[in-house]
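Student: I am new to this structure and would like to go through it step by step. Can we start once it is in view?

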There are 4 protein chains.
Amino acid sequence: MKVGILNVTGYAGSELARILANHPEAELVSVTGRSEAGKRLFEVFPHLHATDLPIVEDIEESVDIVFSALPHKASAEACGPFYKRGVKVVDISADFRLKSVPEYEEWYGVQHPFPELMEDAVYGLTELHRAEVAASGLVANPGCYPTGAILALAPAVKAGIIDPDVIVDGKSGVSGAGRGLGMTTHYSEVNESVRAYSMDGHRHLPEISQELGLVAGQEARVTFMPHLIPMTRGILSSCYASLKPGALPSGQAGIAALREVYNDFYRDEGFVKVVAQPPHTKHTLGNNDCVIYPTIDLRTDRLTVVSAIDNLVKGAAGQAVQNMNVMFGLPEATGLQALALYP
Amino acid sequence: MKVGILNVTGYAGSELARILANHPEAELVSVTGRSEAGKRLFEVFPHLHATDLPIVEDIEESVDIVFSALPHKASAEACGPFYKRGVKVVDISADFRLKSVPEYEEWYGVQHPFPELMEDAVYGLTELHRAEVAASGLVANPGCYPTGAILALAPAVKAGIIDPDVIVDGKSGVSGAGRGLGMTTHYSEVNESVRAYSMDGHRHLPEISQELGLVAGQEARVTFMPHLIPMTRGILSSCYASLKPGALPSGQAGIAALREVYNDFYRDEGFVKVVAQPPHTKHTLGNNDCVIYPTIDLRTDRLTVVSAIDNLVKGAAGQAVQNMNVMFGLPEATGLQALALYP
Amino acid sequence: MKVGILNVTGYAGSELARILANHPEAELVSVTGRSEAGKRLFEVFPHLHATDLPIVEDIEESVDIVFSALPHKASAEACGPFYKRGVKVVDISADFRLKSVPEYEEWYGVQHPFPELMEDAVYGLTELHRAEVAASGLVANPGCYPTGAILALAPAVKAGIIDPDVIVDGKSGVSGAGRGLGMTTHYSEVNESVRAYSMDGHRHLPEISQELGLVAGQEARVTFMPHLIPMTRGILSSCYASLKPGALPSGQAGIAALREVYNDFYRDEGFVKVVAQPPHTKHTLGNNDCVIYPTIDLRTDRLTVVSAIDNLVKGAAGQAVQNMNVMFGLPEATGLQALALYP
Amino acid sequence: MKVGILNVTGYAGSELARILANHPEAELVSVTGRSEAGKRLFEVFPHLHATDLPIVEDIEESVDIVFSALPHKASAEACGPFYKRGVKVVDISADFRLKSVPEYEEWYGVQHPFPELMEDAVYGLTELHRAEVAASGLVANPGCYPTGAILALAPAVKAGIIDPDVIVDGKSGVSGAGRGLGMTTHYSEVNESVRAYSMDGHRHLPEISQELGLVAGQEARVTFMPHLIPMTRGILSSCYASLKPGALPSGQAGIAALREVYNDFYRDEGFVKVVAQPPHTKHTLGNNDCVIYPTIDLRTDRLTVVSAIDNLVKGAAGQAVQNMNVMFGLPEATGLQALALYP
């Protein structure tokens with residue numbers, strides 16, 4: 001497969017290039033990035049020294065699939081024409097994630113350039129929508145927070161042991177804020193500090209609500225509070241919900257039954273691990289795993305689930321490649337077998 | 001005042017020594033620490049070069065007040081005799097925090113050496129129990145997590161806008177795990193990683209329940225999940241609770257009313273700041289403040305409150321000195337006026 | 001004393017405001033900062049909540065001393081008029097540090113706006129130039145790297161045990177790069193990484209050469225290589241020089257003699273500590289100390305000296321206040337007694 | 001090839017397991033680790049979930065090669081018998097690195113258990129000793145600091161443009177101190193701090209001297225000062241030496257000639273990159289590269305070279321696998337193609 005990346009110069013884009021460099025079936029043939037156009041890829045990213053591609057303004061080569069890591073709106077504008085002429089598209093931006101055009105336009109404050117394509121698009125949380133992804137030419141790669149939160153909660157919602165009325169306390173490394181400059185990425189401001197942000201509504205909220213609602217078959221009610229953590233990569237999602245009375249046995253038997261629900265849900269999944277101890281985000285550093293620990297606060301009968309991902313891999317570029325593999329009928333783990341870098 | 005510190009060699013103890021070194025009314029006259037007994041204080045802690053005290057095994061000098069930073073049980077054993085002979089005691093350990101002896105013994109797995117003193121002891125969250133602290137000779141200094149969580153939620157509970165049925169997602173720097181050695185304090189294990197721990201019940205939970213229950217006049221129901229953050233100091237407490245229907249006006253007016261509740265509650269407090277933006281823990285680095293941001297998730301009518309403290313100052317040594325000031329009738333901020341170190 | 005700060009909105013400026021807030025003899029009456037003019041100081045810096053000053057464009061109030069934390073050239077332009085009308089000036093920028101106007105213009109690439117004032121200015125490394133500072137109305141506060149490097153090497157140069165032919169390997173926290181935005185301060189770029197920079201010549205080099213040359217009475221030959229360390233504050237200067245043959249006894253006796261040289265040199269200094277173990281920069285976090293460990297590599301007869309400072313305190317704002325104290329005849333440590341924040 | 005690892009439970013051992021898990025020609029069949037014997041590998045290291053091996057006390061299986069990550073002395077004791085019965089050995093400990101038995105015994109303070117094997121052993125800095133490694137059954141894998149320092153200086157020494165009289169200022173991440181517990185790996189002690197250590201002589205010094213001496217054909221004179229940096233992985237080696245007068249053209253032409261020396265020396269090397277900007281250690285995070293930037297301080301005619309490696313990969317486990325590949329006649333990069341994880 002010949003692959004192009006739109007906007008390789010951010011962290012999602014460069015992470016795509018890194019993963020694709022060792023993908024046995026994909027050949028990266030073109031990368032764009034207006035601010036750095038004219039340079040070679042390795043001049044901007046020395047760690048990509050094996051990839052001697054120029055950064056160009058637009059993809060001119062013939063490609064089988066395009067990944068877009070452009071900002072929202074610009075991404076849809078660039079992806080639409082590729083999709084229309086039959087090139088497969090995985091859009092890492094938010095442009096095709098929400099099913100509702102008005103909801104998109106309200107949250108993102110822009111007019112959607114291709115609203116007619118939104119129903120063609122598949123929400124590419126692979127574990128939930130694998131068959132649709134396989135059949136689709138336009139995959140909306142999920143946001144980083146939603147990936148961790150939805151995978152943490154879907155089994156419980158699906159099993160009906162909770163209502164889709166949940167609290168998600170998200171904790172993200174700083175790379176989630178991108179490669180752009182600002183006080184939220186300034187080392188001396190974020191180091192040795194933790195804080196909540198977007199407490200009046202983060203753009204990843206409607207994705208979480210949409211997908212949990214779909215799983216539940218009813219509208220979801222989600223409180224989502226993101227936090228910035230002084231580390232580069234990783235998202236930990238701490239999720240809380242009241243158990244439906246009687247849905248599970250009481251005491252330790254309930255915890256065992258809960259684990260069974262999760263184990264069943266993810267039995268055939270290669271990238272989701274249900275574990276017996278709270279995961280460290282470090283267990284996912286650089287790999288495509290989502291590691292989940294579900295349990296019950298027995299004093300209050302609340303479900304508490306913690307999930308860990310690498311926000312740039314399973315939360316962005318890795319899941320994008322996972323979706324590409326599904327779209328092209330490849331084994332899903334192709335090019336994604338790296339183990340976490342520890343310590 | 002002549003002051004002694006029991007177990008100066010941990011982080012709470014050395015922080016007490018640091019604060020007391022610049023306290024105009026207190027004179028540190030004796031410090032203990034069995035593992036380092038025989039050394040001078042500055043040999044173990046070069047930053048305390050101004051304090052040329054030897055570390056001894058037991059306090060032999062006459063003192064007006066003793067701070068204990070010993071581990072639980074050992075602390076009560078050491079503090080009891082001081083208190084009984086009229087020396088004022090601020091115990092930073094957990095030994096006198098809980099009102100219920102059986103609850104203490106269940107959570108801490110030891111027999112209390114002085115159960116008869118537990119009713120003499122005052123829970124030293126100064127803002128809630130100032131008058132009792134002033135009248136007491138035995139103050140149980142609150143845990144670090146409870147300090148942040150209770151201050152964040154007490155105004156809402158007191159005002160009756162929520163039931164004492166809450167979720168506290170705590171995020172602590174690594175110094176909260178102490179100066180002892182273990183994989184939870186090993187740099188390479190905790191750096192660049194975040195994780196939850198003690199999900200089946202942390203020892204700070206019963207303190208939070210006890211105090212919120214006292215404020216509410218009814219039993220509290222608390223889910224508390226602590227997290228380890230790759231930073232040295234600071235605790236952010238993210239708190240969630242359902243608003244009682246009709247307790248506040250809807251929409252932005254509700255948020256304004258909520259802020260009024262908090263402003264009223266803390267109007268006369270020198271160390272609690274109610275702010276208009278989510279605080280960074282860095283805003284409290286090295287000072288005795290608790291900075292609180294209360295708001296409402298208008299989509300779900302949930303109260304969301306975030307508070308920030310320095311776990312070693314307001315969460316330990318600073319609050320201990322604040323309590324000492326109250327016990328001796330000094331202006332409460334004496335020796336505690338340092339501003340946060342930024343950045 | 002009434003004090004003004006020019007450009008309070010960077011790290012040196014805000015650190016000055018923090019230190020002055022607790023200075024018993026100084027009253028901060030005016031702060032400037034064009035980008036944030038119109039806001040209150042605590043709106044930009046929540047940790048300065050005790051200081052309810054507006055940020056203005058220009059100092060209009062009558063002041064006894066002005067600190068300038070403006071960028072070079074702009075600083076001289078602003079300081080010149082104050083000095084000329086008799087207001088004392090401590091300039092934290094580089095504008096008045098070099099004795100040679102051509103050297104300044106070569107290194108900084110600008111024309112000096114007040115070359116005629118350069119000979120009035122005193123290089124404010126207090127320990128070396130105390131008497132001149134006391135007599136001066138225009139003090140050039142040293143750069144952060146030079147402060148650590150010169151204090152580390154001056155005793156050996158003065159004693160004639162080395163020639164002024166030295167290597168300084170500097171290691172600085174990120175706050176040294178300022179509050180401005182750029183890839184060198186982007187969290188995800190500098191976290192978990194270390195690198196050298198300015199290997200073809202850093203602007204702090206001529207300061208080090210000038211001052212060591214003055215101490216030696218001959219031209220100095222200095223290789224200075226700065227490095228960026230993933231921490232917020234602190235500079236460690238690792239210094240290397242060949243001992244003059246026979247200048248010291250051989251073996252351990254030489255090390256003892258060397259320590260005597262350093263102890264003698266700094267015997268009466270309150271802020272310089274000669275210690276018996278390599279210092280951690282953390283030992284100076286938030287205080288005005290310079291901690292120095294001199295020793296000899298006995299295998300090669302090289303002097304090796306390590307010094308630690310907080311780049312924003314002894315390396316900038318703290319030394320500026322120290323100089324102010326000297327200029328006004330106050331005890332030198334006034335307002336500067338804070339102990340290091342540990343851990 | 002069937003592979004065993006002695007002492008998999010430290011960082012070098014677990015990193016070997018991680019690399020070998022994706023090595024196409026090697027099969028890990030046995031791992032030892034006394035403190036954790038009886039557990040499965042993934043129970044101790046969740047990131048190694050793909051490797052379902054038990055941790056045993058001793059290697060019982062038939063193996064073609066053994067890697068030892070045991071402490072010194074214990075390592076030689078364990079490796080000796082394997083080597084004697086024809087199993088190839090790569091020893092990551094220091095036991096076979098030094099050619100001189102007395103020097104080993106002086107630096108390590110123990111008697112060597114197999115002194116007769118020291119002349120069989122090859123110092124496995126692959127780039128310098130490839131042919132010997134290929135012919136050997138006993139490879140002493142270099143220390144982490146020596147790997148970076150020797151690769152940085154060997155071309156200049158070989159070319160005769162400097163004498164082997166050098167200063168190496170080493171800066172290492174904390175993982176270099178291992179997985180053991182101590183104050184030097186305690187998060188709150190090392191975070192936000194930098195310091196020098198072992199200033200009276202670090203055990204890696206004689207390795208550097210030995211190898212630079214071999215390259216030069218004369219005894220080397222080395223000052224080596226290691227520093228602990230608050231990051232997990234990475235070593236930056238900043239090297240200083242006086243250029244021999246006339247050895248290179250003056251000015252920029254000299255720098256160009258110097259780069260030519262380095263480019264020539266490493267022209268055919270896959271893992272050594274000579275670059276045109278000072279490298280960040282982050283450029284080597286998780287990969288087997290050594291990235292080198294040589295230049296000249298034109299003001300003092302000193303050679304200044306900076307090299308970056310990942311201390312656990314090129315500085316330990318990666319180079320060990322590189323040596324294994326050479327010993328078995330495999331392409332040298334087999335299993336080592338991972339790109340650096342950025343950011």
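Student: In which sense do β8(D) and strand β11 of chain D pair, parallel or antiparallel?
Tutor: The model is a predicted one. In it, β8(D) is joined to strand β11 (residues 235-242) of chain D over six bridges. One pair that can be looked up is Val168(D), which stands opposite Cys239(D) in β11(D). The sense of the pairing between β8(D) and β11(D) is antiparallel.

Student: Over how many bridges does β8(D) pair with strand β10 of chain D?
Tutor: Strand β10 of chain D covers residues 221-228, and β8(D) pairs with it in the parallel sense. Within this pairing, Gly170(D) stands opposite Pro226(D) in β10(D). The number of bridges between β8(D) and β10 of chain D is eight.

Student: How many of the eight residues of strand β8 of chain D are buried?
Tutor: A residue is buried if 20 or more other C-beta atoms lie within 10 Å of its own. Strand β8 of chain D runs over residues 165-172 and is largely enclosed by the rest of the structure, because the buried residues in it number seven.

Student: Is Val194(D) buried or exposed?
Tutor: Val194(D) sits in the loop between α7 (187-190) and β9 (195-196) of chain D. Leaving aside neighbours within four places in sequence, its contacts include Lys171(C), Met231(C) and Leu236(C) as well as His227(D) and Pro230(D). Because it has 28 C-beta neighbours inside 10 Å, Val194(D) counts as buried.

Student: How far apart in space are Val194(D) and Ile229(D), C-alpha to C-alpha?
Tutor: Ile229(D) is among the residues in contact with Val194(D). In sequence the two are 35 residues apart. In space, Val194(D) and Ile229(D) are separated, C-alpha to C-alpha, by 5.3 Å.

Student: In β10(B), which residue is the bridge partner of Asp165(B)?
Tutor: In chain B, β8(B) and β10(B) pair in the parallel sense over eight bridges. The strand β8(B) also pairs with β11(B), in the antiparallel sense over six bridges, and there Asp169(B) has Ser238(B) as its bridge partner. On the β10(B) side, the partner of Asp165(B) is Arg221(B).

Student: Which element gives the most to the side of chain B that touches chain A?
Tutor: The contact takes 36 residues from chain B and 36 residues from chain A. Elements giving two or more residues to the chain B side include β8 (165-172), β10 (221-228) and β11 (235-242) of chain B. The one that gives the most, with four residues, is β10(B).

Student: How many charged residues has the side of chain B that touches chain A?
Tutor: Sorted by class, that side has 15 nonpolar and 12 polar residues. The charged residues on the side of chain B that touches chain A number nine.

Student: What relation superposes chain C on chain B?
Tutor: Chain C is superposed on chain B by a rotation of 180° with 0.0 Å of shift along its axis, with an RMSD of 0.0 Å. This is therefore the relation of a two-fold axis.

Student: What share of the contact residues of chain C recur in chain B?
Tutor: In this contact, 24 residues of chain C meet 24 residues of chain B. Helix α1 (residues 11-21) of chain C supplies the largest share of the chain C side, four residues. The same surface serves both copies, and the share that recurs is 100%.

Student: Which strands of chain B stand at the edges of the seven-stranded open sheet?
Tutor: The order of the sheet is β3-β2-β1-β4-β5-β7-β6 (chain B), with parallel pairing. Each edge strand has a single partner, so one side of each is left without a neighbour in the sheet. The edge strands of chain B are β3 (55-56) and β6 (122-123).

Student: How far apart are the C-alpha centres of domain 1 and domain 2 of chain A?
Tutor: The domain assignment of chain A gives domain 1 (2-120) and domain 2 (145-311). Nine residues of domain 1 of chain A are in contact with seven residues of domain 2 of chain A. The C-alpha centres of these two domains lie apart by 27 Å.

Technical notes. Residues are numbered from 1 along each chain as its sequence is written. Chains are lettered from A and ligands numbered from 1 in the order in which they are written. This is a predicted model: local features need pLDDT of at least 70, side-chain atom pairs count only at pLDDT 80 or more; totals for chains, interfaces and linings use all residues. Two residues are in contact if their C-beta atoms, placed from the backbone, lie within 7 Å. Ala, Val, Leu, Ile, Met, Phe, Trp, Tyr, Cys and Pro count as nonpolar, Asp, Glu, Lys and Arg as charged, and the others, Gly among them, as polar. Domain bounds come from an automatic or database domain assignment. Copies are superposed by least squares on the C-alpha atoms of residues with pLDDT of at least 70 in both. Two strands pair if DSSP finds at least two bridges between them. A residue is buried if 20 or more other C-beta atoms lie within 10 Å of its own, exposed if 12 or fewer, and partly exposed in between; C-beta atoms are placed from the backbone.
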